[in-house]
Amino acid sequence: MGFECYHPAIGLIYFAAVIAATICFQQPVFLAISFLCAFAYSVKRNGRRALLFDLCLIPLILLFAGFYSGYHHFGVTVLDRNFIGNRMTLESLLYGLTLGTVTAAVFMWMSCVFSIFTADKVVYLFGRVSPKLSLFLSIVLRMVPRLKVQAKKVSTARKAIGRGAGQGSFFRRLSNGIKLLSILITWLLESMATISDSMRSRGYGRKGRTAFSIYRFDSRDRSVVIGIFTCLTLLAMAVLLGQTGMDFDPRLHMNPITPLSCLFYLGYGVLCLLPLGLEVTGELRFAHLRKSI
Amino acid sequence: MKRSTVSSILTVLLLIPATLYLGTKLPGRWYYLTSTLIIIETMIPFFLAFEKRRPQARELVTIAVMAAIAAVSRAAFAFIPNFKPIVGIIMITGIAFGAEAGFLTGTVAAFASNFFFGQGPYTPWQMMAYGFGGFLAGLLFHKKRKLHQKPVLYLAVLTAFGFVGIVAVVGPLLDCCTIFTTGTQLTWAYALACFASGFPINVTHGIACGLTMLLLSKPLLDKLDRLKTKYGMMEAGTDGL
């Protein structure tokens with residue numbers, strides 16, 4: 001009973017809002033909320049692989065901050081001089097840290113997006129806008145998985161005749177690898193042409209064609225939409241009151257944290273934790289009901 | 001058909017001066033905004049020219065595949081600075097499928113590859129420059145079937161075109177991005193300095209493009225020509241189905 005069971009339009013609104021907020025809000029509390037929630041949710045969605053990926057991002061953030069402050073020297077708080085005599089400033093270090101954290105948080109949110117937005121949802125959402133676009137998207141989205149399968153087939157067959165990409169001397173391997181690539185490009189171009197022809201013959205891309213879908217907008221979806229927009233209204237207030245921004249140049253400056261801003265943090269936290277909370281409560285309730293059978 | 005072409009040209013001819021006029025009226029000389037808008041406006045007629053031919057899904061898909069290959073080729077050589085075969089592959093597509101298809105492949109490939117490398121104010125300029133590379137190649141070589149009789153000469157001409165096209169056209173177009181987005185005061189001296197400092201980079205880029213043409217133009221053109229003959233696509237005025 002995950003977030004993917006809700007209507008695709010809700011997922012679109014939700015992730016667009018959260019990712020836009022992550023990119024725009026550079027105030028550290030907002031950024032920390034988004035980062036932590038993205039971390040928790042991606043681990044919940046994708047398990048151990050996501051945990052490894054997210055943990056690898058943290059040293060990368062620190063590395064980027066070091067790299068950024070090595071190249072940018074704005075700010076008034078000089079920490080040190082580096083070996084070519086340029087100033088290392090606290091402001092540029094913190095700005096680099098902020099940029100790195102934003103990027104890492106967006107990556108983690110995107111990993112959740114990929115696990116929720118399957119190709120049928122994309123086609124459903126865009127098919128309403130333009131049938132041609134939806135035909136195009138459905139072909140292109142299937143391209144990578146189809147290519148992987150075909151690459152495996154071709155490389156197995158070529159290995160069997162001693163022409164695998166890992167067989168022979170170095171130059172032999174190189175030429176075998178290039179041949180494999182060439183075969184795949186030819187196959188990809190021609191199979192794409194065939195597929196689009198056959199899909200067109202089946203009526204994809206025509207105006208009156210309706211796409212099969214199992215989505216309907218029920219009361220559960222309505223309540224989630226109300227929840228999302230309540231949080232977004234709070235966030236809009238925060239933006240208007242200048243609570244979400246932060247200045248790094250020439251000195252660190254942000255508006256003071258007031259009791260009211262705690263309300264904004266709460267709203268943002270609820271927004272970011274919404275899918276995770278829905279999934280966890282759903283699972284708990286399911287387990288509880290199962291026990292009582 | 002005809003009327004839509006005329007109206008698109010008129011729109012662009014009116015839009016660009018209007019943008020220029022507004023750009024001079026804005027306080028603080030917004031070269032960056034104005035130039036980006038103009039670049040986007042110049043791309044409109046190219047897209048319309050392609051749309052006018054009522055492209056089939058399979059043509060669009062083929063162009064998408066070629067753009068994807070071009071974008072991946074840029075990512076694959078990211079470890080050598082400024083050495084990117086992307087424009088070479090775009091030019092080959094332009095040669096095989098014609099000028100408009102080459103332009104579309106270039107813009108899509110530039111846009112898509114910037115998802116690896118980061119989007120920025122330079123994205124529209126790159127789209128324009130790469131697209132123009134493909135357009136030029138298609139314009140010069142798409143109809144020149146006689147050259148096919150002499151494969152060595154053809155290869156030499158294409159290689160030379162790849163190098164010269166980058167150094168003389170695509171590279172300077174990319175340098176214009178530096179001029180318009182970083183300059184606070186536009187002067188000839190500043191522009192010349194930008195072109196001069198961009199020259200070595202353009203030469204590296206040109207060598208990469210020439211090499212791509214030398215090594216890939218024959219196999220890729222063979223594949224694309226085969227596709228064209230087999231499925232009868234990308235020919236103006238003929239509907240495959």
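**Exercise 1. Two helices of chain B**

Which handedness has the crossing of α6(B) and α7(B)? Work on the predicted model. Describe the packing, then the contact.

*Solution.* 
- Start with the geometry. Helix α6 (residues 123-141) of chain B packs against α7(B) at about 150°, and their axes are 9 Å apart.
- Next, the orientation. An angle over 145° counts as roughly antiparallel. So α6(B) is roughly antiparallel to α7(B).
- Now the sense. The crossing of α6(B) and α7(B) is right-handed.
- List the residues. From α6(B), the contact includes B:Trp125, B:Met128, B:Tyr130, B:Phe132 and B:Leu136. From α7(B), it includes B:Phe161, B:Gly165, B:Val169, B:Leu173 and B:Cys177.
- Sort by class. The contact of α6(B) with α7(B) has 15 nonpolar residues, three polar and no charged ones.

**Exercise 2. Helix spans and kinks**

Then locate the kink in each helix.

*Solution.* 
- Take α2 (residues 28-71) of chain A.
- Look for a bend. α2(A) has a kink of about 140°, centred on A:Gly47.
- Take α7 (residues 151-182) of chain B.
- α7(B) has a kink of about 45°, centred on B:Ile166.

**Exercise 3. Where chain A touches chain B**

How many residues does each chain bring to the contact? Which helix gives the largest share of the side of chain A?

*Solution.* 
- Count by chain. Chain A brings 17 residues and chain B brings 13 residues.
- Assign them to helices. On the side of chain A that touches chain B, α5 (131-160) and α6 each supply at least two residues.
- Find the main supplier. α6(A) gives the largest share of that side, eleven residues.
- Sort by class. The side of chain A that touches chain B holds nine nonpolar, four polar and four charged residues.

**Exercise 4. Two helices of chain A against α3(B)**

Work out how α6(A) and α5(A) each pack on α3(B).

*Solution.* 
- Begin with α6 (residues 170-201) of chain A and α3 (residues 57-76) of chain B. Their axes come within 8 Å and cross at roughly 150°. α6(A) and α3(B) are therefore roughly antiparallel to each other. Their crossing is right-handed.
- Name the partners. Among them are A:Ile185, A:Leu189, A:Met192 and A:Arg200 of α6(A), with B:Arg58, B:Val61, B:Val65 and B:Ile69 of α3(B). By class, the contact of α6(A) with α3(B) has nine nonpolar, two polar and three charged residues.
- Turn to α5(A). It packs on α3(B) at about 45°, with the axes 10 Å apart. That makes α5(A) oblique to α3(B). The crossing of α5(A) and α3(B) is right-handed.
- Name these partners. α5(A) uses A:Lys132, A:Leu135, A:Phe136, A:Ile139 and A:Val140, while α3(B) uses B:Ala57, B:Leu60, B:Val61 and B:Ala64. The contact of α5(A) with α3(B) has eight nonpolar residues, no polar ones and one charged.
- B:Val61 takes part in the contact with α6(A) and in the contact with α5(A).

Technical notes: Residues numbered from 1 in each chain as written. Chains lettered and ligands numbered in written order. Predicted model: local features only at pLDDT ≥ 70, side-chain atom pairs only at ≥ 80, totals over all residues. Axes fitted to C-alpha atoms, helices over the stretch in contact; angles between N-to-C directions. Helix = DSSP H or I, 4+ residues; strand = E, 2+ residues; numbered from the N terminus. Parallel < 35°, antiparallel > 145°, perpendicular 65-115°, else oblique. Left-handed = near helix turned anticlockwise from the far one by under 90°. Contact = placed C-beta atoms within 7 Å. Nonpolar A, V, L, I, M, F, W, Y, C, P; charged D, E, K, R; others polar. Bend = angle between axes of the 7 residues up to and from the residue.
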